[in-house]
Amino acid sequence: MSARRPGRRARGGSRGRVRLVYRSLQSAQDYLEREDFGTAFAHYLLLLNLAPELKDIIRESFQHTLFKWAEELDSLSRIQDIFDCYEQALELYPNNEVIWNSMGEHLFSMFAREAGASHVYACELSKTMYELACEVVASNQMAGEIKILHMKSLDMEVPKDLSSRVSLVVTETVDAGLFGEGIVESLIHAWQHLLLPPRPAGQEGPTEGFGRVIPLHAVVFGMVVECQEIRRHHRVCFNEVGGLRLNEAVMWYSPVSNESCIDDAAEPYTTERMRQVPGGYTTLTDHFQAMTIDFNNPRELEELTTRNPCRLCLPVVKEGVLDAIVAWFVLQLDEDTSLSTGPDEETCWEQAVYPIQGVLGQTVKPGNTVVVDVSCKNSYLVFHSIAVLSHEHKMEIEVNTMSNHLASEAELCDALANLQTTSEPRTTLLHCMLESSEIARLNNTQYNDHFKSALSSILFSLTSVDGEIYFSQTINDRSSNMNCENTNSQSSSDLTSDMLCVLDVSEGFSILPLITAKLGSVKVFSSLEKVQQQVALNALAESNEISKDVLEFWHNYLEDDSTLLQRPQAGKLWSVIILDAIEMCGLIRQGLVEKAALARCLLRPEGRLMPQCIKIYGMLIESETLQQESAVQGKEATLGFNIAPFINQFKVPVHVFLHLSTLPHVRLSEPVELLKLDLMSVVTDDLCNEIRVQVYSSGRITAVPFWYEIYLDTEISLNTWSDTSHWKQAAFVLDNPVQVNAGDELILKIHYHKSNISMIVNHG
Ligand code: 44T
């Protein structure tokens with residue numbers, strides 16, 4: 001072919017060129033008329049290459065042909081061809097704005113097409129969430145485009161569930177500890193079974209044909225902190241509480257433990273929004289990088305769960321008590337966008353908290369080094385084998401008391417190798433796991449001391465009454481025993497049968513029976529059910545010189561739970577029944593009024609319920625945070641989609657587990673008494689109250705937080721909103737905020753129904 005061309009030219013000469021130009025123009029116009037834009041475009045190209053002088057004359061027709069042909073190519077997804085055409089056109093018309101503009105438009109549409117995948121699948125395990133997703137997708141007219149599967153991603157298969165392997169997996173299955181929702185397992189499976197192969201490392205160029213995961217990767221950070229709030233929930237901090245020695249016979253531990261050897265049921269971490277933790281926290285080390293993880297590297301994901309822990313040596317920068325390691329992460333979604341769950345971010349994310357266990361808090365100071373091992377175990381990020389190197393004391397090592405197996409981990413670095421643990425072996429000590437709320441209650445010295453005082457005064461008053469009863473009974477007994485042969489029957493059990501009986505029906509671990517027993521001649525009944533906790537309470541009794549037969553476990557007498565409230569013995573009644581009125585989350589315990597009514601019938605005439613009475617307090621506040629967290633706000637669409645009404649079906653008016661002292665809010669009124677529950681007389685689970693509240697500051701009332709004053713007797717009370725309280729607070733969030741001015745008087749209607757509280761706020 002190349003040999004013939006010059007020949008033709010030579011033969012045709014300039015006359016041949018003109019004929020060729022003419023014929024090309026003719027053909028281009030013909031094909032354009034027939035709307036065969038592709039062929040027309042080819043002829044125009046030839047024409048303009050032969051006769052550049054025609055550029056101006058045929059510009060309009062050429063542009064028209066180009067745009068029409070590009071449109072056609074676009075509809076055929078021949079993206080590369082479109083840009084080849086534009087390139088050729090711009091070589092001929094380098095300064096033509098119209099062509100440049102049109103090419104820009106095509107670029108955009110190409111991105112849009114690329115973003116709008118041809119097949120979209122969504123996978124959700126939870127039924128509620130799956131149904132919510134279906135509603136959202138349907139209401140946004142996308143039901144035809146997105147296939148929602150109600151299953152665990154690990155059960156998905158090609159081609160059963162997906163028609164073919166996909167090019168992109170987007171997942172946000174991360175919790176505060178990053179791995180807790182199983183993202184590593186899910187992605188290992190996805191790379192093996194659902195995604196196109198990963199793009200080889202270092203390969204540039206087109207990504208077509210390769211699989212990819214969003215988020216790209218994550219970096220986990222950590223810090224070592226002193227934090228009293230964490231400490232009092234995970235460590236029994238006092239050796240003596242309410243007159244009882246706690247730490248001699250039993251070693252307590254929290255269910256949140258990095259030492260898997262303790263208990264399989266243990267969780268490796270808890271969560272806390274550190275920015276709002278009551279009492280704050282102090283960082284004892286700089287923030288450190290604990291781990292990085294590439295979600296786009298299947299090999300790395302697979303190795304993650306089996307690889308050796310990574311040992312970190314963290315220099316202490318501030319003196320303080322070693323309470324916890326706190327971890328968070330930065331998720332890199334794509335090259336440009338990242339998301340941090342860090343403690344200093346203004347987000348709703350919580351951080352993962354790894355409490356450091358041990359009998360007594362250990363103080364560290366600058367010069368010390370905290371040594372920590374990080375790994376991913378059973379799909380959890382864990383920090384373990386926490387030790388402190390002290391340079392002053394010739395590098396002595398203090399090991400977390402729970403982790404005596406540290407010494408056996410042979411590959412400690414040289415400096416560590418020669419050191420021994422200083423913690424005493426406590427092989428004889430009884431171990432007992434408590435919930436963090438139970439630990440916090442043990443640490444609430446005011447709670448225990450107040451109960452002790454109130455019980456002491458009640459028992460004292462009852463013993464004075466009892467003196468007479470006992471006296472008259474003894475005479476009766478004597479007379480009835482007159483004819484008996486065995487006059488020694490006045491045994492100890494008969495004596496105890498005349499003792500005062502106290503029943504504690506607290507939820508969870510409670511030392512109130514022992515505090516009561518310490519007060520004198522009284523028989524105490526604990527409603528503990530867990531054997532381990534019964535054993536621990538017995539051990540506590542023994543180490544506090546409380547006689548074995550004074551403490552009974554009420555459950556061991558009962559046929560089933562429903563009969564918890566019964567007489568202690570036939571013909572006998574209780575002197576005191578202790579009820580657990582308020583849940584740690586800040587709500588009144590379900591069934592409290594019924595329980596109180598039943599318990600009252602089992603009390604002797606001078607007997608008491610504890611508490612006797614509960615006052616509910618509240619105040620008007622403006623809190624953006626509470627409102628933001630209660631529902632998706634605003635009327636506009638979320639990222640262009642209609643989502644809010646579906647999410648907001650799950651809105652609840654009452655928020656629990658609040659730290660009122662650190663919740664961002666503005667007070668608009670003084671605290672006021674909302675309602676009084678007199679447990680010694682209340683008969684109905686349905687109460688109403690209407691009160692007037694003075695507003696002292698202008699603003700928008702968005703919520704009414706509430707808490708309790710728990711009256712153990714007429715004088716002694718506990719407030720559930722105090723620094724040492726193990727209780728958190730609750731708040732009623734208004735559907736519609738109420739705008740108020742300083743000096744306004746509002747009417748607050750409170751409705752109490754079966755332990756639930758609701759409110760209506762109106763202008764007076
Ligand atoms: N992320 C926010 C929380 N699921 C989401 O059923 C993100 C919170 C967050 N479905 C710190 C940081 C962040 N197959 O509904 C759940 C769950 C579902 C699966 C099917 C699977 N293999 C799984 C795994 C989980 O996914 C939903 C979300 S997981 C919850 C985490 C910066 N705290």
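The model described here is predicted. Helix α16 spans residues 592-601, and its buried positions are Leu592, Val593, Ala596 and Ala599. These four residues lie on the same side of α16, because the arc that they cover around the axis is only 125°. The exposed residues Glu594 and Cys601 are carried on the face of α16 turned away from that buried side.

## The chain as a whole

The protein chain contains 18 helices and 37 strands. Of its 764 residues, 46% are buried. Among contacts between residues at least 6 apart in sequence, 75% join residues at least 24 apart.

## Helix α2 and its two partners

Two packed helices are described by the angle between their axes and the distance between the axes. For helix α2 (residues 37-50) and helix α4 (residues 79-92), the axes come within 11 Å and cross at roughly 25°. Angles under 35 degrees count as roughly parallel, and α2 and α4 are therefore roughly parallel to each other. Their crossing is left-handed. On the α2 side the contact involves Phe41, Leu45, Leu48 and Asn49, which meet Cys85, Gln88 and Leu92 in α4. By class, the contact of α2 with α4 comprises five nonpolar residues, two polar residues and no charged residues.

Helix α2 also packs with helix α3 (residues 55-75), at an angle of about 145° and with the axes 9 Å apart. The crossing of α2 with α3 is left-handed. The α2 residues in this contact are Phe37, Gly38, Ala40, Phe41, Tyr44, Leu45, Leu47 and Leu48, while α3 contributes Lys55, Ile58, Ser61, Phe62, Thr65, Leu66, Lys68, Trp69 and Glu72. The contact of α2 with α3 divides into 11 nonpolar, three polar and three charged residues.

Phe41, Leu45 and Leu48 of α2 take part in the contact with α4 and also in the contact with α3.

## Asp323, a buried loop residue

Asp323 is located in the loop between β13 (320-321) and β14 (324-332). Its relative accessible area is 2%, and Asp323 is therefore buried, the cut-off being under 20%. Residues up to four places away in sequence aside, Asp323 touches Val225, Glu226, Cys227, Gln228, Ile230, Arg231 and Arg235, together with Tyr354, Pro355 and Ile356.

Tyr130 belongs to helix α6 (residues 127-139). With a relative accessible area of 22%, Tyr130 is partly exposed. When neighbours within four places in sequence are left aside, Tyr130 is in contact with Glu124, Ile148, Leu149 and His150.

Thr207 is found in the loop between α7 (183-193) and β4 (212-214). Thr207 counts as partly exposed, at 43% relative accessibility. Thr207 and Ser167 are separated by 40 residues in sequence, and their C-alpha atoms are 9.2 Å apart in space.

Note on methods. Residues are numbered from 1 along each chain as its sequence is written. This is a predicted model: local features need pLDDT of at least 70, side-chain atom pairs count only at pLDDT 80 or more; totals for chains, interfaces and linings use all residues. Side-chain values use heavy atoms; hydrogens and water are left out. Helices (H or I, at least four residues) and strands (E, at least two) are DSSP runs, numbered from the N terminus. Buried means under 20% relative accessible area, exposed over 50%, partly exposed in between (1.4 Å probe, protein chains only). Contact means heavy atoms within 4.5 Å. The arc is that of the directions from the helix axis to the C-beta atoms. Axes are lines fitted to C-alpha atoms, for helices over the stretch in contact, and angles run from 0 to 180 degrees between N-to-C directions. Angles under 35 degrees count as roughly parallel, over 145 as roughly antiparallel, 65 to 115 as roughly perpendicular and the rest as oblique. A crossing is left-handed if the near helix is turned anticlockwise from the far one by less than a right angle, and right-handed if clockwise. Ala, Val, Leu, Ile, Met, Phe, Trp, Tyr, Cys and Pro count as nonpolar, Asp, Glu, Lys and Arg as charged, and the others, Gly among them, as polar.
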